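Open the model in your viewer and keep the selection tool at hand. This tour goes stop by stop.

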Amino acid sequence: MAALRAAAAEWLSPAGQLQVAAALEMTGALETRLHLLRHQLLDAARHLTGAKVLAARLYGVGPVTALAMTCWLAGEGRFSSSRQVVRFAGLDVTVWSPDRKGPPGRLSRQGPPVLRWDLYEAGKAHARASAPDHAYYAQVKDRCGGKRAALSEARKILRQACRILAGLGDDALAAA
């Protein structure tokens, strides 16, 4: 930060220096707020039964991803099948329909974008050779590419999470 301020003082006009100073102040404030928010999310994940269980049982799922899945998916009778969960998350593949303008074979992207992104990142963790399901990931990657492999793993993680949370029932949302 100090080097950036020094470079701004050397090369920019007073108005440019003011803009750089304002941008640095905003960046600092955002970093402080994000740090606080991250700690709040981690604290909530530590105190929610479903999040603790998901983070412990599913490879690639950390506390924040487990918290997101628990908050969006848990509850008695929330989903009757894992297929509904995949559709809710927007990770299902579209099919051709005469009233749709888009091409088939794309993700529906219907659900919460944060959940979809978290699951994709968890699926990418299976690219590591130490992952328990790395053989499947590598097989899909060789056939279809790394993105498709990560999406396939994300769908598997989501289905497993659905079964785990259904087993916990309403206790998934209880304090641990």
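Helices here are DSSP runs of H or I, at least four residues long, numbered from the N terminus. Keep that in mind for the helix names below. One more point before starting: this is a predicted model.

**Colour by confidence**

Colour the chain by pLDDT. The average is 91, and 94% of the residues score at least 70. Now compare the elements. Helix α3 (residues 49–57) has the highest mean pLDDT, 97. Helix α1 (residues 2–11) has the lowest, 90.

**Helix α2**

Select residues 14–46, which form helix α2. Start with D43 and R46. Both lie in this helix, three residues apart, about one turn. Their side chains meet in a salt bridge, at 3.7 Å from N to O. D43 counts as partly exposed because its relative accessibility is 36%, between the limits of 20% and 50%.

Stay in helix α2 and pick L34. Is L34 buried or exposed? L34 is exposed, since its relative accessible area is 56% and the cut-off is over 50%. Together with L34 they make a nonpolar surface patch of about 250 Å².

**The aromatic pair**

Next, find the rings. The structure holds one aromatic pair. Select F79 and F88: their centres are 5.4 Å apart, and the planes stand at 55 degrees, a tilted arrangement. F79 is buried, at 18% relative accessible area. F88 counts as partly exposed, at 23%.

Now show R78. What does R78 lie over? It lies over the face of F88, 5.2 Å from the ring centre.

**R87 and D92**

Move to R87. Its side chain meets that of D92 in a salt bridge, 2.9 Å from N to O. R87 is partly exposed, with 46% relative accessibility. D92 is buried, because its value is 11% and the limit for buried is under 20%.

**Last stop: K156**

Select K156, in helix α8 (residues 146–168). Its side chain and that of D133 form a salt bridge, 2.3 Å from N to O. This pair links distant parts of the chain, 23 residues apart. D133 sits in the loop between α6 (113–124) and α7 (134–144).

K156 lies over the face of Y136, at 4.2 Å from the ring centre. K156 itself counts as partly exposed, at 25% relative accessibility.

How many salt bridges are there by this rule? The count comes to three.

Note on methods. Residues numbered from 1 in each chain as written. Predicted model: local features only at pLDDT ≥ 70, side-chain atom pairs only at ≥ 80, totals over all residues. Heavy atoms only, no water. Patch = residues over 30% accessible without salt bridge, like charges linked within 9 Å, V, L, I, M, F, W, Y side chains within 5 Å. Areas by Shrake-Rupley, 256 points an atom, 1.4 Å probe, with all protein chains shown as cover. Salt bridge = Lys/Arg side-chain N within 4 Å of Asp/Glu carboxyl O. Helix = DSSP H or I, 4+ residues; strand = E, 2+ residues; numbered from the N terminus. Buried < 20%, exposed > 50% of the residue type's maximum accessible area, 1.4 Å probe, protein only. Phe/Tyr/Trp six-rings, centres within 6.5 Å; stacked < 30°, edge-to-face > 60°. Lys NZ or Arg CZ within 6 Å of the ring centre and 35° of its normal. pLDDT = per-residue confidence, 0-100.
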